[in-house]
Amino acid sequence: MQPTSSMKEEFLQKWQMGLQIYRPLIDNTSVSERMKAIKLSADVAMASLRRGTTCWSRALIQKTATEDNFLVRQMLSGIKAETLINKKLPKVMCHRKIVRRSKKILRRRKSRSAIEEVAAKARKLVNKKTQGLRNVVPGGEFMSNDVLLIQETLDYIVSLQTQVNVMRSIVDAAEAGSER
Amino acid sequence: MSNRRSRQSSSAPRISDDQIIDLVTKLRQILPEIGQRRRSDKVSASKVLQETCNYIRNLNKEVDNLSERLAQLLESVGEDSPEAAVIRSLLM
């Protein structure tokens, strides 16, 4: 799956809308505040493409809402903003301490052949990397289901590519336009 | 929820080999470098996952970088300059 032109168009529209909301403030703020505003608008624009159908996009909207509630509400007005912002994310499914303890007990009971050892190590490594994935995908900590995690990751990547694609074109064009 | 705890840790679906193959196929389309790797899926599964993490981190860094460049652009153009007009027409 690739970023489609309709995705890019919709992202651009929403991002522009977000920047318009900041317009009155943009002329009077510091560069770092502006940067934050630009990034937050871009993130909400990207997340709203999914209209609440994916876990990562809901998590990203919630996260952005904690940083700028007003912006998120404005940008999402008309797309059931309230439910997206207030929607309770599921509690963490995997209680790590308990899993760790039960794994320890299991380990003491089993004795393994060499092949099983290798397979177990490979499995352990995959699990470690999967956990790494949970740390970079928004809302990943709530996805104990690995299948879901993979699906969300793929969708998140395509959305990120859309975001980067459009932002890069705009910034390149703007920089070219302002060269003396 | 609490009485599902003991079931949860043993029945939470782990990534199966088929799913890894599926992921590798999809990521191959997105990350061209992966296509060069050996076909042994179990061995490269962790590599695929690692590459995916790295790729996501890099994309996020690029967004930050682009946001910063844009913020600085808006800073440096004068209010009434032609450059400001260009930027505003692109963005706002």
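Modeller: Let us begin with a definition: helices are DSSP runs of H or I with at least four residues, numbered from the N terminus. R51(A) is found in the loop between α2 (31–48) and α3 of chain A. Please keep in mind that this is a predicted model.

Biologist: What makes R51(A) partly exposed?

Modeller: The relative accessible area of R51(A) is 43%. Buried means under 20% and exposed means over 50%, with partly exposed in between; therefore R51(A), at 43%, is partly exposed. R51(A) also has a positive phi of about 45°, although this residue is not a glycine.

Biologist: Why is R50(A) called buried?

Modeller: R50(A) is likewise found in the loop between α2 and α3 of chain A. Its relative accessibility is 16%, and the limit for buried is under 20%, so R50(A) counts as buried. Leaving aside neighbours within four places in sequence, R50(A) is in contact with several residues, including M1(A), W56(A) and D155(A).

Biologist: Which kinds of element make up chain A?

Modeller: Chain A has 8 helices and 0 strands. From the N terminus on, its elements run α-α-α-α-α-α-α-α. Of the 180 residues in chain A, 45% are buried.

Biologist: Why is the pair of F11(A) and W15(A) called stacked?

Modeller: The count comes to 2 aromatic pairs over all chains. In the pair of F11(A) and W15(A), the ring centres are 5.9 Å apart and the angle between the planes is 20°. F11(A) and W15(A) are 4 residues apart in helix α1 (residues 5–26) of chain A, so about one helical turn separates them. Both residues are buried.

Biologist: What makes the pair of W56(A) and Y156(A) tilted?

Modeller: The ring centres of W56(A) and Y156(A) are 5.0 Å apart, and their planes stand at 55°. Planes under 30 degrees apart would be stacked and those over 60 edge-to-face; 55° falls in the remaining range, so the pair is tilted. The pair links distant parts of the chain, with W56(A) in helix α3 (residues 55–67) and Y156(A) in helix α8 (residues 146–177) of chain A, 100 residues apart. W56(A) and Y156(A) are both buried.

Biologist: Which residues have the most contacts inside the largest nonpolar core?

Modeller: They are F11(A), W15(A), I38(A), M167(A) and I56(B), in a core of 54 residues. Among the elements that give two or more residues to this core are α1, α2 and α8 of chain A, together with α2 (17–30) and α3 (41–76) of chain B. The largest share, 13 residues, comes from α3(B). Not counting residues up to four places away in sequence, F11(A) touches residues such as A42(A), L49(A) and M167(A).

Biologist: How do you know that D43(A) and K39(A) form a salt bridge?

Modeller: The closest N and O atoms of D43(A) and K39(A) are 3.1 Å apart. The limit is 4 Å between a side-chain nitrogen of Lys or Arg and a carboxyl oxygen of Asp or Glu, so this pair qualifies as a salt bridge. Both residues lie in helix α2 of chain A, 4 residues apart, about one turn of the helix. D43(A) is buried, with a relative accessible area of 9%. The structure holds 10 salt bridges over all chains.

Biologist: Why are R134(A) and D146(A) both called buried?

Modeller: R134(A) has a relative accessibility of 10%, and D146(A) has a relative accessible area of 1%. Each value is under 20%, so R134(A) and D146(A) are both buried. They form a salt bridge, with the closest N and O atoms 2.6 Å apart.

Biologist: Why does the pair of E175(A) and R69(B) join two chains?

Modeller: The side chains of E175(A) and R69(B) meet in a salt bridge at 2.8 Å, N to O. E175(A) lies in helix α8 of chain A and R69(B) in helix α3 of chain B, so the pair joins two chains. E175(A), at 25% relative accessibility, counts as partly exposed, and R69(B), with a relative accessible area of 26%, is also partly exposed.

Note on methods:
Residues are numbered from 1 along each chain as its sequence is written. Chains are lettered from A and ligands numbered from 1 in the order in which they are written. This is a predicted model: local features need pLDDT of at least 70, side-chain atom pairs count only at pLDDT 80 or more; totals for chains, interfaces and linings use all residues. Side-chain values use heavy atoms; hydrogens and water are left out. Rings of Phe, Tyr and Trp (its six-membered ring) pair if their centres lie within 6.5 Å; planes under 30 degrees apart count as stacked, over 60 as edge-to-face and the rest as tilted. Buried means under 20% relative accessible area, exposed over 50%, partly exposed in between (1.4 Å probe, protein chains only). Contact means heavy atoms within 4.5 Å. A nonpolar core is a set of buried Ala, Val, Leu, Ile, Met, Phe, Trp, Tyr and Cys residues joined through side-chain atoms within 4.5 Å.
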